[in-house]
Amino acid sequence: MDSCMLVFSLILEIIFIALFSSHPAVVANSKLFREYIGAEDKGVTFSDVPINEDVDFHFILSFAIDYTTSSSSPPSPTNGDFRVYWDTQNLNPSHLSSLKTHHRNVKVAMSLGGDTIANNEKVYFSPKTINSWVRNAIHSITDISRQYHLDGIDIDYEHFHADADTFAECIGRLLFFLKQNGVVSFASIAPYNDDSVQPHYLALWRKYGHLIDYVDFQFYAYEKGTNISQFLKYFDEQSSNYRGGKVLVSFGTDGSGGLSPENGFFMACRRLKHQGKLHGIFVWSADDSMKDGFRYEKRSQTLLAKSI
């Protein structure tokens, strides 16, 4: 009798484990909220942005760029020698230290690259060689990270003077060094659906995806007027492209495209959450959201903090 009960108990335990593991919502949903900040010199500060203490909050300083900063000549590539281009008057190491003192749930990363620089010139990924770019990048990124006591790094190059394999090798080696040596604790990439952009990030993902913690996919780069069903289709497509990765959903507050908060973004998020697929939300950007009082940042964080 005792042995029968033991076998029965084991069978029940196996059934329970099988049922539990078939519901990814238990482990897949996240309370991660991320916001890009500082790219547009609009005077936004960390303290302007509402922070819900029940989420994991990442600020992403935008941008560090490997271009010259001389005021007397147009910016030009520096082969991995990064300089700070975000609003240092309002987002400096002292401000960051105060932020972390008051909000224990906040971490801060810096983003590399971006779309444009002074006078709306495009920022190009332009390495002379893989080894020289990586060597310069390691040195300059480590210096900036230590000066600001940063936690993470984000990759947001959008224009390229190098092929996909070169990009993958440069960024992959940089991420490996930064994580291996404790310079950063997490890394993300910010691709979007464009034939001149996506192949570079997919090459990076295939070879170095194990070093990438989050995929900040720019869903706001899709066409304006995107509806909920289209958005969910795009999400599934990109989740397949970055299989095994944590693909975050996103919207822009700068008038860009995609599924807007007004047209059903939060309804789509609730559907993903019920399916256990909501790995987090990010917003581009705090600079643009300030004029409306960060109302959609508040809604995003409330949704993430709430149980299903």
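The model is predicted, so a local feature needs pLDDT of at least 70 and side-chain atom pairs count only at pLDDT 80 or more, while totals for chains, interfaces and linings use all residues. Residues are numbered from 1 along each chain as its sequence is written, and side-chain values use heavy atoms, with hydrogens and water left out. Helices (H or I, at least four residues) and strands (E, at least two) are DSSP runs numbered from the N terminus.

**The nonpolar core**

- The largest nonpolar core holds 100 residues; such a core is a set of buried Ala, Val, Leu, Ile, Met, Phe, Trp, Tyr and Cys residues joined through side-chain atoms within 4.5 Å.
- Buried here means under 20% relative accessible area, exposed means over 50%, and partly exposed is in between (1.4 Å probe, protein chains only).
- The residues with the most contacts inside this core are Phe59, Leu61, Leu112, Trp133, Ile155, Tyr157 and Val249.
- Helix α5 (residues 164-180) gives the most to this core, with 8 residues.
- Beyond its neighbours within four places in sequence, leucine 61 is in contact (heavy atoms within 4.5 Å) with residues including Ile37, Phe46, Trp86, Met110 and Leu150.

**Methionine 110**

- You will find methionine 110 in strand β4 (residues 106-114).
- Methionine 110 counts as buried because its relative accessibility is 0%.
- Its contacts, leaving aside neighbours within four places in sequence, include Leu61, Trp86, Ile144, Leu150 and Asp154.
- One of these partners, isoleucine 144, is 34 residues away in sequence, with a C-alpha to C-alpha separation of 9.1 Å.

**The largest pocket**

- A pocket is found on a 1 Å grid over the protein atoms alone, as an open set of points with protein on both sides within 12 Å along at least five of seven lines; lining residues have an atom within 4 Å of a point.
- The largest pocket has about 470 Å³ of space, where points are joined across faces, edges and corners and a volume is the space filled by probe spheres set on them.
- Of its 23 lining residues, Ala39, Phe63, Asp115, Thr116 and Trp284 are the closest to the centre.
- Strand β2 (residues 56-65) gives the most to this lining, with 3 residues.
- The pocket lining has 11 nonpolar, 5 polar and 7 charged residues, with Ala, Val, Leu, Ile, Met, Phe, Trp, Tyr, Cys and Pro taken as nonpolar, Asp, Glu, Lys and Arg as charged, and the others, Gly among them, as polar.

**The cavity and serine 289**

- There is 1 cavity of 30 Å³ or more, a cavity being a set of grid points where a 1.4 Å probe fits but cannot get out.
- Thr253, Asp288, Ser289, Asp292, Phe294, Arg295, Tyr296 and Glu297 line the largest cavity.
- Helix α10 gives the most to that lining, with 3 residues.
- By class, the cavity lining has 2 nonpolar, 2 polar and 4 charged residues.
- Serine 289, in helix α9, is buried because its relative accessible area is 3%.
- Apart from neighbours within four places in sequence, serine 289 is in contact with Glu35, Thr253, Val283, Phe294 and Glu297.

**Proline 77**

- Proline 77 sits in the loop between β2 and β3 (83-84), and counts as partly exposed because its relative accessibility is 42%.
- Its contacts, neighbours within four places in sequence aside, are Asp66, Tyr67 and Ser126.
- Lysine 128 is 51 residues from proline 77 along the chain, and their C-alpha atoms are separated by 9.7 Å.
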